[in-house]
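This report examines selected features of sheet architecture, helix packing and nonpolar cores. The sequence and structure are shown first.

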Amino acid sequence: MGPRACIRVDSCSLVVTNAAYCMNNTKQILSSLITGLVALNALAADAPNRPLQVLYLGETSMGGGARSGGFGGGRTNYVYLPGQTLAPEAIYFNHRTDVANLTDSYLKHFDAVVQVMPDADIGAAQQKVLDGFKSAGKGLIKYPDGQRPADGVLREAVLRAISKKAKSDWEASLAARPSLARLPGEVPNYERRAEPVKYQAPLSPKYSMRYTQVPADFDLQLFAAEPDIVKPIYMAWDELGRAWVVEARDYPHGLVAEGEPGHDSIKICEDTDGDGRADKFTVFADKLNLATSMVFVNGGILVSEARHMLFLKDTDGDGKADVRQAILPGWGTGDTHAQQSNLGRGFDNWLYGAVGYSNFRGTVGGKDMQFGQGVFRFKADGSALEFLHQYNNNTWGFGLNEHGDVFGSTANGHPTFYGYLPAHILTPTQPGSGRRGGGGGGGGGGFRPGFRLDDKPGDAPVAPTVNVRRLPSAKSLAPGMRMHPNTPNVRMVDNFGGYTAAAGHAFMVSDALPPRLQGKALVTEPTAKLIGIMDIQPDGGGYKASDGGNLLASTDEWMSPIFADVGPDGAVWVIDFYSFIIQHNPTPSVQSAGVQATTGRGGAYQTENNLRDKTHGRIYRVVWKDGPRSPIKSLAKTKPAELVAALDSGNQFWCLTAQGLIVDNKLTDAAPALKKRVRSAIGGKGAIHALWSLEGIGALDKETHQAALLSKDPAVRRNAVRALPANEAGRQLFFSSSVVQDPDLITRQVALAKLVEFPTIPAIQTVVAQLSRVPVNNSDSFLNDTLTLLGRIHKVANVGENVVTVTAGDAKRGEDLFLNSPVAACASCHMVNGKGGDVGPILDGIAVRADKAYITESLMDPNAKLAKGFENLGISPMPPLGVLLKEQETADILAYLDTLRTPPKDGVTVPVKRANHYE
Amino acid sequence: MSYAMTPVLSQITFMKTFLTSIGVAALLGSSLISATAADSLRTDAEGYIRDWVMLAPIAIRDGETCADALLKDQIPNEAALRPKAGDKVKVGGKELTWRNVTAATNYFDFNETLKSINDHVAGYMVTYVECDVDTPDVVMAVASNDQGRIYFNGVDIYAFTEPRPLMLDADKGKVTLKKGTNVIVFKVTNEQNSWQGAMRLMTKSGAPLKNIRIKLQP
């Protein structure tokens, strides 16, 4: 069907009949709306971009519009907002459940407010603000019973309520926007849509922006685009505020032999005339291979690229790198979307990064190391490397909140995790893999207890390991979080509706962003064409996260946000990889996705009519309309006193940049001011960065450190604990404060984790035993895990929860977990009795066609053996349940699976293509 | 090397040494030497065990790490293996045969023996140590390239799960040799390149253990 053949839109008013807006016809109507714009386009001049902005007040899950399926069926079932239905025609919904801080200055950005909650929940004062909004000619639509109508009805209500001018401006804007044209090309259809999504023609940045939503009080501004930059994958800013962009032309198939030149580059992008657009582009370094990220250090930059980190420096001032030095060899390239990436500076003066399942395997400081799927830190000279926090899958995100706490994101299903135990210390204590460390020969294990030379009589000959609890080094804060895309055409391969390509984890700590966003984290999602917001809040000894909506979402199916972070101006800078094909793996087949492809070098699939883009890429800024810009413009050639002052900047970028300049340039002249700042009573992030600056220049004296440990600001105390050396002097300082009983539980958890690093002495063993008597240390999961590790490290029995008791699996509980667990989400992929997803094998009769060992292995290690009919996947999309579930929960699910003894009637265990819910 | 042996034994030992010195031991190890010496072998002068029954190569599944494969049975109940040359085992749909091997040096080399380079694989070496009396506090020194695991008389006593080069005596532990036959199962996995292992038995003071014999069948 051609794009113009199904127009059912009144081309004058864009009003669609209510009757047409039943949900069963939504897809058809949407198609009409999008393609109908082609006709309208001819009627309009180049009218300014004018979307309709609607503020939605209420719970998104409420109301008659909630649906059980999505466009194309159950595989596209997202959190229900009108994004997929109404955003394509530039009716943008902004969502708030918190109505406490509605102001006139905020509401002025909206054309209408949809109130899906009782007036009583709004409150008299806020109601007055809303009444004023209505009096000003804007639309106020109320559904006080909390029941929202279907999207078509909602659309009509909005169009009736807004001013005539708003409506006519919106219509003109739509008419000036080109349609999303479709071109030939093989597009995988994992969603099993009746009509597969067709390859969309790319848009210019100007028109892509017209299909892209940012919050109503923000502007989306283009900073750079092709051909000036191509395939940008990462960026960082120097002390001049200049953007340095990593261009990734080699991704995904372009791995070259070691020593051979690649095609990636580092480009400096400057806005010399202050108009907000880059107008000067300088190639700092080229011939890089599969470069993924970069960080400023020691007057140059370190780049993560194939096999190693590469230090680049310009020593003669010509703007081009003339020093190229490879350090830390050993980064895997088996899969080019699982390499090391996301480099950044930590508060602790180490460099940080994330790595996926391509892993690191190498020798650092004479020690053999191997790890993957988590966050690591290293010294800039390559002398030290530590694996810090492991989650699972492909880890593409690393971020630090304003307190220096470490977070990350993993691509599939876990867009935010909090790292709280050090994996390099924890791993040797784990069951099974516990024997991978702590022994002779370099930390890979050794003789078991009872067989060691230094064993004493009576030592247990063999320690049982099966019931030892597996401790996490990181906790997923929002497992299974759903997304809010603005297109019905999201193409995914698994975890349908949830994050499947989560990347980055930057915190918004900026004096140029509104208070409602401060401290929240940005996670990009290129498959869904959006940037999600993680609302991360303290929770006992750690954190929890909830859905914070979007910062950006696009209907342009090429838009691929893969990077978002606060820049020097305080705005959020976004890299749009701009590629219609964003999926790397698995390799689609006719059976799985209706398209036959092959696996290319680096693990990415390729088709004959290769649709992977090699020419586009954009950088945008998302700018708050009502706020100031960060006052600092540059810290180049700044005096030490000014650098110390910059540590208190409202923009975390400048805090870290100032700290980096002090440390890298060893500005010991700054020490007195830094000490003064640490010892000041006000605490705050300036004190934290001053503390670490002192540590970085070797000037952190005992008195200053002690003052920080006794600070009134728990975040200062927390960082003071982290900065303690793991020696006797550190231990003495540690016990000179009361951080083991810190009233701030996150700080207490950090203190307990520090105790893990000190050598075992009887006094510490006594402390560990005493800590276990404090109830909250046991009841809080973060503290309990830490206490458990302390018991293992310092050999104190009966603290924490070291041994897990697993009773016989309960099939009923297991069925409940199978159907409802947001973490395991079994039923979203597996069918039983005709219900459930069709991603994985049908499980009817699994208990009779596979033995328990096979089923257990499949749960714990889904990649061990790919199920019959799914071999072409190469890698299982299923998460390893051993990481996600408690031991008892796994036993319960196993018990439930053991009840599935009746094979499917037709004997087929590979799901066939399912009918579209909307057909 | 001790020459206080019976004439027959010293003749065999001499033959092994000679063949080793000309580099053909690996070629002949499984047939000539082992067939003649299976019941009357000794450790070498430094206490290294050079005579083993080998099963290799076993391919490790794609996607599974060598460390994981090390900690997982590659053939059922690997701790209880009691093979002899000629025994056949089906692993991953492929039939493999146990064969006797005499190491040319103080370490064994799977790739050298197999005359091929094998990456991402597992292999087993099994040997039987005969002892006349219960002998406690025997120092077992081991090395593996890459990961290694050892079962001693059916007990899982050692695992090293990281890749590494061969470093003789990298790890030392202590075992008690019981009177009669003691079974050592030495599993080695290889990520890339060299695939080797070594083991010797010593007294507490580090002297090679005497009064033990090596057998190549239970």
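In what order do the four strands of the open sheet in chain A stand?

The model is predicted. In chain A, the order of the four strands in the open sheet is S23-S24-S25-S27, with antiparallel pairing. Strand S23 (395-400) and strand S27 (474-476) of chain A are the edge strands; each has a single partner strand, so one side of each lacks a neighbour in the sheet. From one strand to the next, the twist averages 25 degrees.

Five bridges join S23(A) to strand S24 (residues 406-410) of chain A in the antiparallel sense. Within S24(A), Phe407(A) is the residue opposite Gly399(A).

## Packing of two helices

Helix H16 (residues 702-709) and helix H17 (residues 714-722), both of chain A, pack with their axes 7 Å apart and at an angle of about 135 degrees. This angle lies between 115 and 145 degrees, which means that H16(A) is oblique to H17(A).

On H16(A), the contact is made by His705(A), Ala708(A) and Leu709(A); H17(A) contributes Val716(A), Arg717(A), Ala720(A) and Val721(A). By class, the residues of this contact comprise five nonpolar, one polar and one charged.

## Nonpolar cores

The largest nonpolar core holds 216 residues, and those touching the most other members are Val54(A), Met235(A), Met294(A), Leu302(A), Val574(A), Val622(A) and Leu691(A). Helix H13 (residues 652-664) of chain A supplies the largest share of this core, eight residues. Another core, of 59 residues, lies apart from it and includes Val53(B), Ala56(B), Ile60(B) and Tyr124(B).

Beyond its neighbours within four places in sequence, Leu302(A) has contacts that include Met294(A), Phe311(A), Leu343(A), Leu351(A) and Ala380(A).

How values were computed
Residues numbered from 1 in each chain as written. Chains lettered and ligands numbered in written order. Predicted model: local features only at pLDDT ≥ 70, side-chain atom pairs only at ≥ 80, totals over all residues. Core = buried A, V, L, I, M, F, W, Y, C linked by C-beta atoms within 7 Å. Buried ≥ 20, exposed ≤ 12 C-beta atoms within 10 Å, placed from the backbone. Contact = placed C-beta atoms within 7 Å. Axes fitted to C-alpha atoms, helices over the stretch in contact; angles between N-to-C directions. Parallel < 35°, antiparallel > 145°, perpendicular 65-115°, else oblique. Nonpolar A, V, L, I, M, F, W, Y, C, P; charged D, E, K, R; others polar. Pairing = 2+ DSSP bridges.
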